[in-house]
Amino acid sequence: MSRDLGLRRLNRLRRLDRSVLMAASVSALSLTASGCVVVHGEREVLPATTRAEAAKALEEFTAAYNAADKAYDGSLDADHTTGALADIDAARLKAGRANSPEGNPNHAPLELTDAKFTIVEKAGWPRWFVADAAGNKGGSSRWLLVFTRDGLDEPWEVAYLTLVAPDDVPEFKTDEHGWAEAVPANSDEVALAPGKLSQGYATYLKGGGDAFAEGPHTSAWRALRGKRAERPGLVTQYIDEPMTNGDYAPLALRTKDGGALVFFTTRHFEKQTAAAGAAVPTPNKDVLALTEGEITQSLTMEFVSNEVALDPADGPVEVLGRIQGLTAAKGE
């Protein structure tokens with residue numbers, strides 16, 4: 001009897017196992033049939049967003065940016081900025097609040113109109129797109145804003161903001177649906193791989209060369225630095241560093257001619273040291289608001305800069321626009 005009982009129990013366990021497996025299979029089939037399956041976003045090639053959602057993201061950013069500027073309160077747009085723009089904007093608002101605790105007495109709302117959206121189709125995160133708009137500030141320049149996010153539940157944030165002359169905005173390569181193509185950071189199809197552009201720019205600013213075309217953000221900027229370094233009684237030193245990790249990673253769009261429009265970040269240090277018996281020029285109140293320590297003989301200022309450049313298939317890179325802001329300073 002004990003042997004028969006043991007066999008019956010074994011058969012019941014086998015039937016139970018089969019029932020569990022069948023139930024699991026039915027559940028999996030039901031999930032598949034209903035569409036409730038996990039899609040691996042890191043592997044699916046998808047547009048970053050819809051044009052309607054992109055327009056909404058631009059509207060939300062502009063509202064938050066204006067609220068923060070009016071109150072000089074960085075918390076009001078902190079969820080809408082990241083990377084280089086977050087550093088520049090946060091420091092600007094911090095200095096403004098230190099000097100005007102009641103808010104910005106000169107606030108004039110930013111208005112962005114005639115917006116065009118270039119939406120990238122790609123696999124993996126971050127997803128991103130570019131907004132190209134006319135603004136009521138900056139003259140006739142077009143405002144280029146790069147929105148990014150690292151997941152479906154994350155908000156859209158602006159990592160790059162630059163102003164570019166209308167004629168300098170290139171045509172982008174798009175597919176039959178109008179989606180744009182991202183250029184990989186290590187691409188060898190352009191003059192300088194997007195991932196090396198930040199380092200290349202920092203190297204150029206120090207020693208020159210022919211990697212970058214002449215212009216206001218290249219040869220002219222180097223010449224201006226040279227003049228500042230020659231002022232009597234004051235030594236000015238410059239250090240330029242690349243910024244390429246995380247939210248500072250470069251983002252590149254394929255242009256119609258086979259090149260790329262690249263957004264990238266750099267960090268710059270400017271140290272002014274007065275000669276014996278002389279004094280460092282008194283900085284303005286916004287610089288003082290971000291300065292630690294007492295300025296006796298030297299002042300070191302740290303800037304974060306975001307640039308946009310045309311990186312052709314062949315030939316020198318042309319820096320089209322650059323916006324930089326003081327993020328910290330130290331007196332000694």
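This is a predicted model: local features need pLDDT of at least 70, side-chain atom pairs count only at pLDDT 80 or more; totals for chains, interfaces and linings use all residues.
The peptide bond between tryptophan 125 and proline 126 is cis, with an omega of about 5 degrees. Proline 126 belongs to the loop that connects strand 2 (112-122) with strand 3 (127-135).

Two residues other than glycine have a positive phi. For tyrosine 72, phi is near 50 degrees; for aspartate 114, phi is about 50 degrees. Tyrosine 72 is found in the loop between helix 2 (51-71) and helix 3 (83-99), whereas aspartate 114 is part of strand 2. Tyrosine 72 has a relative accessibility of 15%, and therefore counts as buried, since the limit for buried residues is under 20%. Aspartate 114 has a relative accessible area of 48% and is partly exposed.

## A contact between two loops

Asparagine 104 is located in the loop between helix 3 and strand 2. With a relative accessibility of 13%, asparagine 104 counts as buried.

The side chains of asparagine 104 and tyrosine 72 are joined by a polar contact of 3.4 Å. When residues up to four places away in sequence are not counted, asparagine 104 touches Asp69, Lys70 and Tyr72.

## Helix 4 and its surroundings

Helix 4 spans residues 197-207, and its buried residues include Leu197, Gly200, Tyr201, Tyr204 and Leu205. Ser198 and Ala202 are also buried in this helix. The partners against which the buried residues of helix 4 pack are helix 5 (219-229), strand 7 (234-243), strand 9 (260-274), strand 11 (298-311) and strand 12 (318-331).

After helix 4 comes glycine 208, which has a positive phi near 75 degrees.

## The nonpolar cores

The largest nonpolar core consists of 20 residues, and Phe61, Leu112, Phe129, Leu145 and Phe147 have the most contacts inside it. At least two residues of this core come from each of helix 2, strand 2, strand 3, strand 4 (142-149) and strand 5 (157-164). Helix 2 gives the most, with 5 residues.

Apart from its neighbours within four places in sequence, leucine 145 is in contact with Leu58, Phe61, Leu112, Phe129, Val130, Ala131, Val158, Tyr160 and Leu161.

Technical notes
Residues are numbered from 1 along each chain as its sequence is written. Side-chain values use heavy atoms; hydrogens and water are left out. Helices (H or I, at least four residues) and strands (E, at least two) are DSSP runs, numbered from the N terminus. Buried means under 20% relative accessible area, exposed over 50%, partly exposed in between (1.4 Å probe, protein chains only). A polar contact is a pair of N or O atoms within 3.5 Å; within protein, one must be able to donate a hydrogen and the other to accept it, and residues adjacent in sequence count only if both atoms are side-chain atoms. Contact means heavy atoms within 4.5 Å. A nonpolar core is a set of buried Ala, Val, Leu, Ile, Met, Phe, Trp, Tyr and Cys residues joined through side-chain atoms within 4.5 Å.
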